[in-house]
Amino acid sequence: MNSLKNASDWLTFAYDAPFARAVVFGVPIGGHLFVEGLLLVVILFLLSQKSYKPPKRPLTNKEIDELCDEWTPESLIPPITEEMEKEAPILESAARPHTIINGKEVVNFASANYLGLMGHEKLLESCTSALEKYGVGSCGPRGFYGTIDVHLDCEARIAKFLGTPDSILYSYGLSTMFSAIPAFCKKGDLVIVDEGVHWGIQNGLYLSRSTIVYFKHNNMESLKNTLEKVTQDNKRAKKLRRYIVVEAVYQNSGQLAPLDEIIRLKEKYRFRVFLDESNSFGVLGKSGRGLSEHYKVPIDKVDIVTAAMGHALASEGGFCTGSNRVVDHQRLSSSGYVFSASLPPYLASAAITAIDVIEANPKLLVKLRDNIKALCTGLSGIQGLEIASDMLSPIVFLVLKKSTGSLKSDLQLLQDIADQVLKEHSVFVVPSRRSTLDKCNLPVGIRLFVSAAHTESDLQKAYESLKSVAASVFTGQN
Amino acid sequence: MITIPYLTALTTYFSYGLLFAFGQLRDLFRKFIDWWKASNLQGYAPICLGLEDFYIRRLYLRIQDCFGRPISSPPDAWFDVVERVSNDYNKTLKRTTKVSRCLNLGSYNYLGFAAADEYCTPRVTETLQRYSASTCSTRVEGGSTALHVELEQVVADFVGKPAAMVTGMGYVTNSAILPVLVRHGGLIISDSLNHNSIVNGARGSGATIRVFQHNTPSHLERVLREQIAEGQPRTHRPWKKIIVVVEGIYSMEGELCKLPEIVSICKKYKAYVYLDEAHSIGAVGKTGRGVCELLGVDTADVDIMMGTFTKSFGSCGGYIAGSKELIQYLKYTCPAHLYATSISPPAAQQIISAIKVILGEDGSSRGAQKLAQIRENSNYFRSELQKMGFEVLGDNDSPVMPIMLYNPAKIPAFSRECLKQNVAVVTVAFPATPLLLARARICISAAHTREDMVKALEVISRVGDMVGIKYFPAEPKKPELEEGRKKVE
């Protein structure tokens with residue numbers, strides 16, 4: 001008690017001590033200010049300390065050596081399974097409607113030779129003269145003396161045929177789409193694409209790093225809803241480039257894209273349209289000009305049209321056509337055009353001759369259409385399979401009515417059917433193959449490529465043999 | 001290594017700065033004029049905004065006539081260049097009917113197979129008649145003919161690997177193979193100066209990409225050690241696999257790759273080697289088998305060998321060679337095999353015949369002659385250029401020789417002056433090369449004779465003096481030879 005009283009007395013005394021009430025610059029300093037001042041100093045001291053970081057200890061050389069020794073990579077390729085060892089049948093003559101496999105003559109439904117121009121004398125003649133004049137290769141990219149006058153003539157001819165201002169030639173069908181798309185779609189742009197497009201387009205979209213939105217395969221309702229949704233979400237649409245990518249005749253299903261609907265939607269929402277006409281150029285339309293002629297849409301409403309020439313034109317390579325701005329832009333920014341050698345000149349002259357033949361013989365298109373119709377009617381009622389493609393598509397696509405559950409077993413079943421048809425009836429058909437990189441989820445099926453050079457008896461043989469093999473395979477199952 | 005003289009670097013920066021300033025001024029005027037006129041885009045965003053194509057519009061279009069020159073004859077040692085005129089300051093160029101016969105120093109025609117050849121062309125025409133110009137189908141459908149099988153066998157034997165796969169275009173080969181081999185979770189280490197097709201293939205694969213300094217094995221080792229120790233980014237899991245991508249001859253440098261060191265480093269750290277021999281297959285090596293033969297590397301040590309047929313074989317297409325299992329797996333999954341039209345049969349026959357000529361199986365020694373000729377030509381041309389004082393890049397034995405220009409104004413000057421004197425050269429600028437390092441690239445062919453080369457050297461020397469690109473001191477000519485001859489007489 002006493003000591004406490006002493007302590008409190010001492011404290012009161014200290015509090016009332018003269019220096020506790022010193023006046024500095026007219027401001028009376030109380031004792032509490034002294035304590036606060038001390039507190040401030042302590043705070044400043046703590047703030048000025050560096051925050052605690054765990055000490056960095058980089059790996060020593062010995063530790064890195066140990067890690068490198070420990071690390072074992074996966075093998076370069078997964079182990080080879082049985083289906084990987086299967087080889088495609090080898091042709092011993094040109095892939096015309098009648099070809100030779102293993103010494104036997106078969107009816108060929110596996111080549112996309114839609115107008116039967118393969119082996120046409122005019123084409124062979126122009127190729128031979130081009131080979132003798134220019135040799136085989138062009139030995140350089142287009143920018144460095146690889147532009148031969150046949151290339152420029154071919155581009156002008158294609159543009160004249162389609163009615164567009166200009167066109168640009170690529171040296172390979174697959175690279176056309178996957179070089180054209182990254183030239184126009186950059187990071188941040190918006191692309192609406194059908195989910196059934198082929199790998200070339202998928203790869204081009206992936207390389208372009210734009211925002212990709214898929215809509216249901218060939219479903220215009222789904223397209224409309226998607227367009228509605230994205231325009232709502234993206235209000236700063238002025239600087240954003242927007243594209244819709246569709247194929248005219250889908251390679252993975254044989255369906256036709258309804259171009260008039262798409263153009264109507266595109267004009268309403270202000271999108272640009274990319275159309276891949278590989279399987280419809282030279283096939284649809286009264287004179288073979290493609291999907292736009294079929295739907296009577298003026299070609300300048302479609303912004304960018306690409307096509308591979310390895311189908312109806314019986315040549316190789318691809319082209320892209322559109323307005324002058326579109327084509328000129330690609331000449332400098334499309335990587336497959338700038339950094340790669342140009343198309344061999346004999347193939348360009350083959351393409352020019354093929355277009356001349358198509359223009360002179362519109363009857364070929366009528367014959368092709370009749371053939372497709374005959375085949376489809378012949379195949380109706382086949383057991384276990386159904387036709388998934390459009391009546392006008394030159395690819396007749398047969399899918400399984402009831403899928404077995406997994407992609408692999410579906411493919412196996414279809415491969416068995418195709419093998420049996422080849423062995424027993426000498427008709428060559430193929431199932432559609434899927435790469436592991438392909439993101440498409442559409443069902444696989446058997447593809448028949450109809451040509452204008454197929455005769456009635458060829459078609460009859462095809463559908464009768466398919467019917468009988470399907471009957472045996474599927475009754476065996478059931 | 002390229003070392004720019006300081007004065008040249010300064011003047012180059014100044015030139016580019018001036019061009020850039022003028023370009024911006026013109027853009028400003030264009031903006032004013034467009035503001036007055038109504039735009040015809042009607043609510044669509046323009047295809048190129050603002051500065052995206054500034055380089056193309058304001059710099060490239062000024063010298064557009066130096067690129068993309070059309071020819072009207074096969075790209076042999078001498079060819080016909082079509083003249084073009086422009087009425088609107090190089091914005092559009094129109095073809096005329098006039099041609100001028102020029103010496104070809106730009107096409108990739110290393111062994112002289114570009115024009116019609118006495119052994120190859122009859123066989124090619126025969127194949128055309130038999131198999132027609134195209135197969136119109138993919139390899140797994142109706143596109144595999146007996147010719148394709150023979151071609152793959154011949155290529156595999158020539159390159160020195162058990163099996164090979166051929167596609168119709170070299171660019172697509174790279175873009176479609178790398179995504180199949182490496183996916184997300186793998187690592188691709190590529191040389192900093194690799195070709196655009198490799199860059200595209202690497203990007204399309206989804207794997208992580210790291211770059212090592214051009215042709216520096218020590219830096220490659222450092223990068224490998226660092227990456228293996230660190231693991232995948234953010235998760236630090238170990239990498240699934242590592243692929244190192246190098247090229248045989250780099251097309252813009254003319255240098256050979258330091259393959260023996262790189263292969264030994266990759267073996268030590270268990271990484272896979274991918275060799276792209278686009279320019280070196282058929283052009284270097286004692287029997288033309290490429291960089292592996294020249295540098296003494298066993299082909300079994302290189303896991304994947306890739307190449308193209310456009311350069312030395314005068315055809316088109318690309319190939320991948322490796323072990324039998326690798327090729328089987330690729331044939332099963334690679335999109336270039338499953339979805340793309342197979343290589344055109346006449347082109348395939350050209351490759352087979354060209355390989356037969358190179359190996360001497362056609363009964364003559366033309367192949368060995370061609371290989372010796374190109375080696376001699378390249379070494380002679382390179383040494384003469386260096387004697388004249390030009391800055392030439394590249395190693396001995398490589399048929400690609402870039403001559404440094406640096407300044408942007410010298411690019412069109414060199415190109416146009418040479419064309420006036422009937423020598424066609426290729427000039428390369430940004431973006432294929434770094435901004436400061438513009439160059440003229442010469443590709444020597446076995447079809448060039450000694451007189452052709454002497455004429456070319458004369459013209460290049462004259463133009464070089466005019467333009468001012470002899471950055472090194474020229475070696476003085478030796479006058480004592482004359483006196484020696486007189487004495488003997």
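**Conventions.** A residue counts as buried under 20% relative accessible area, as exposed over 50%, and as partly exposed in between (1.4 Å probe, protein chains only). The model is predicted, so local features need pLDDT of at least 70 and side-chain atom pairs count only at pLDDT 80 or more, while totals for chains, interfaces and linings use all residues. Residues are numbered from 1 along each chain as its sequence is written, chains are lettered from A and ligands numbered from 1 in the order in which they are written, and side-chain values use heavy atoms, without hydrogens and water.

**An aromatic pair in chain A, F161(A) with F281(A).** Over all chains, the search of the whole structure finds 14 aromatic pairs (Phe, Tyr or Trp rings, the latter by its six-membered ring, with centres within 6.5 Å; stacked under 30 degrees between planes, edge-to-face over 60, tilted for the rest). In this one, the ring centres of F161(A) and F281(A) are 5.7 Å apart and the planes stand at 80°, so the arrangement is edge-to-face. F161(A) belongs to helix α5 (residues 149-162) of chain A, whereas F281(A) is in the loop between β9 (272-276) and α10 (291-294), so the pair ties together parts that are 120 residues apart in sequence. Helices (H or I, at least four residues) and strands (E, at least two) are DSSP runs numbered from the N terminus. Both partners are buried, F161(A) at 1% relative accessibility and F281(A) at 3%.

**An aromatic cluster in chain B, with F309(B) and F313(B) among its members.** The rings of F309(B) and F313(B) have centres 5.7 Å apart and planes at 70°, so this pair is edge-to-face. Each of the two is buried: F309(B) has 1% relative accessibility, and F313(B) likewise has 1%. Together with F158(B) and Y319(B), these two residues form one aromatic cluster.

**Arginine over aromatic rings in chain A: R289(A) and R242(A).** The charged end of R289(A) sits over the ring of F161(A), at 4.6 Å from the ring centre. F161(A) is also the residue whose ring pairs with that of F281(A). In a second case, the charged end of R242(A) sits over the ring of F271(A), 5.7 Å from its centre. A charge sits over a ring if NZ of Lys or CZ of Arg is within 6 Å of the ring centre and within 35 degrees of the ring normal.

**Cysteines without partners in chain B: C66(B) and C257(B).** The search of the whole structure finds 0 disulfides over all chains (pairs of cysteine sulfur atoms within 2.5 Å). C66(B) is in no disulfide, and the nearest cysteine sulfur, that of C418(B), is 11 Å away. For C257(B), the closest cysteine sulfur is in C292(B) at 9.0 Å, too far for a bond. Both cysteines are buried, C66(B) with a relative accessible area of 5% and C257(B) at 2% relative accessibility.

Over all chains, the search of the whole structure finds 30 salt bridges (a side-chain nitrogen of Lys or Arg within 4 Å of a carboxyl oxygen of Asp or Glu). E66(A) is partly exposed at 44% relative accessibility, whereas K62(A) is exposed, with a relative accessible area of 60%. Elsewhere in chain A, R142(A), E155(A), D166(A) and R331(A) are linked in a network of salt bridges.

The side chains of E83(B) and K98(B) meet at 3.3 Å, N to O. E83(B) is partly exposed at 29%, and K98(B) is exposed at 51%. In the second bridge, the closest N and O atoms of R366(B) and E118(B) are 3.4 Å apart. R366(B) is buried, with a relative accessible area of 17%, but E118(B) is exposed at 61%.

**An open sheet of 7 strands in chain B.** The strand order is β3-β9-β8-β7-β6-β4-β5, with mixed pairing (two strands pair if DSSP finds at least two bridges between them). At the edges stand β3 (163-167) and β5 (208-212), each with a single partner strand, so one side of each is left without a neighbour in the sheet. Strands β8 (residues 304-308) and β9 (residues 318-322) run antiparallel and are joined by 4 bridges. In β9(B), I320(B) is the bridge partner of M306(B).
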